[in-house]
Amino acid sequence: MSTPKGGYTSSLDKFLDTLKSRPVEASIELLVSLLKRRQIKGSEACATATAHILLQVVARDKWINVDQLLYRIQLLGKKLVAAQPHELVIGNIVRRVLGLIRDEATEDRKDDATTDSPRPTSPPPAAPAPSVTAPPSHASSPAKPVRPGTLGNTSLGSLARTQSMFNLLSDPNVVALMGSNASTPGQLSGASTPILNAQTTSTSALRSEVIDGIQEIMDEIKMVDEQVQAYAEIYIHPGDYILVYQPSRTVQKFLTRAAAKRKFTVFLAIDPSSATTSEEQYASLHKSMASYGSSIITVLNAGLNAYMPRVNKVILGARAITAQGGVVVDSGAATIARAARERRREVIVLGGVYKLSPESRLMPESQVAWSEPSRHVNFANGPILSNVKVKSAISEFLPAAYVDTYVTNLGALAQDNLHALIADHYKEEDIDFALYGKAQR
């Protein structure tokens with residue numbers, strides 16, 4: 001749905017403005033609260049907020065290895081999904097960040113394996129002391145540790161120790177190893193400072209790479225509308241009659257892009273309960289279409305069957321797309337898609353790749369979100385409705401059988417191609433990770 005005035009956009013902007021000034025935990029609690037109260041709602045807003053809070057966790061939290069970071073992101077992901085389980089994009093962004101961390105950690109390990117030289121585990125053999133001849137009785141015996149000189153060979157022991165120390169200090173490799181573990185004489189494994197420095201450097205590099213990756217995801221979310229509308233001229237032809245239902249911003253830009261090149265007619269279907277606000281809500285779409293010479297006819301969804309014979313294509317915006325091809329759409333859109341299928345009209349779903357969810361264990365009925373019924377009843381009807389429960393759905397599930405084409409920012413896809421796209425953007429271990437377990441309880 002398009003962004004209403006005074007809706008989630010201002011809450012999202014306020015949240016983003018306070019991220020850097022608030023502690024991370026305070027920002028997390030604020031986002032959870034906003035999601036629960038639906039002050040941040042809609043696929044794009046929820047995805048943007050999720051990406052920003054994950055960026056803050058990666059950048060500002062104290063973690064020393066990959067496992068700690070993955071565990072932290074997993075816990076936070078479950079918390080956000082539990083706050084608003086109907087917004088599948090929250091879990092999508094969490095899973096993509098988890099996959100990003102795994103990829104970057106794997107790359108770092110490969111770099112370390114190719115650039116690091118093996119550490120010596122034992123000191124090199126000491127060079128023989130010049131001009132010193134051992135007694136014949138000890139020539140064939142194994143080397144023994146150097147001990148303090150006795151009365152009979154004090155000068156010989158001192159000379160041997162001096163020459164051995166000189167040989168060791170003259171070898172730069174041994175000096176470097178001794179310097180790395182100077183507190184433990186005789187042990188040249190180098191286990192203290194260099195490893196800590198390397199670990200700190202590796203963590204800092206991983207942090208920077210993950211931050212860059214999250215920022216790329218955020219840029220992708222921003223550019224979805226521009227990339228999807230590039231395919232408008234392929235699917236909308238001159239003279240077409242296009243039916244849309246409560247078009248999202250993505251659908252509106254898709255129509256406007258096509259209208260710039262060709263003339264066609266749009267049937268704008270709206271819900272009767274929102275008929276009074278539709279003119280203001282879609283005023284920019286009316287203006288843009290009229291400026292290009294295309295027309296818009298507003299109809300109520302209750303009378304769509306009368307217009308369906310003239311319709312060539314139905315274009316719907318997706319809240320989320322599941323792995324099997326089912327789509328979470330605005331309440332009422334599924335009825336339009338079923339009517340189009342009866343008339344054998346093409347149904348096209350628009351949505352960014354970030355809306356494509358790998359989750360396959362969700363039941364269709366669990367994706368129906370409900371809101372307060374004030375649009376349909378008011379307090380004046382209280383005595384009449386005292387024993388009646390009124391429910392108002394804001395989203396519903398559209399089975400894949402009613403969708404012909406999915407248009408994403410990476411191109412148009414059929415249902416059979418969705419699994420390949422999921423495999424490109426999600427890791428297998430993250431697909432099986434139960435983000436929704438806590439929410440279901």
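**Labels and their cut-offs**

In strand 7, E346 is the bridge partner of K313. This is a predicted model, where local features need pLDDT of at least 70, side-chain atom pairs count only at pLDDT 80 or more, and totals for chains, interfaces and linings use all residues. Residues are numbered from 1 along each chain as its sequence is written, and side-chain values use heavy atoms, leaving out hydrogens and water.

Q: What makes strand 4 and strand 7 a pair?
A: Two strands pair if DSSP finds at least two bridges between them. Strand 4 and strand 7 (residues 346-350) have 5 bridges, in the parallel sense, so they pass.

Q: Why is helix 2 called roughly parallel to helix 4?
A: Helix 2 (residues 24-36) and helix 4 (residues 66-83) pack at about 25 degrees, with axes 8 Å apart. Angles under 35 degrees count as roughly parallel, over 145 as roughly antiparallel, 65 to 115 as roughly perpendicular and the rest as oblique, so helix 2 gets the roughly parallel label.

Q: What makes the buried residues of helix 14 line one face?
A: The buried ones (under 20% relative accessible area; exposed is over 50%, partly exposed in between, 1.4 Å probe, protein chains only) are L418, L421 and I422. Down the helix axis they fall within an arc of 100 degrees, so they line one face. The face turned away carries exposed A423 and D424.

Conventions
Helix = DSSP H or I, 4+ residues; strand = E, 2+ residues; numbered from the N terminus. Arc of directions from axis to C-beta. Axes fitted to C-alpha atoms, helices over the stretch in contact; angles between N-to-C directions.
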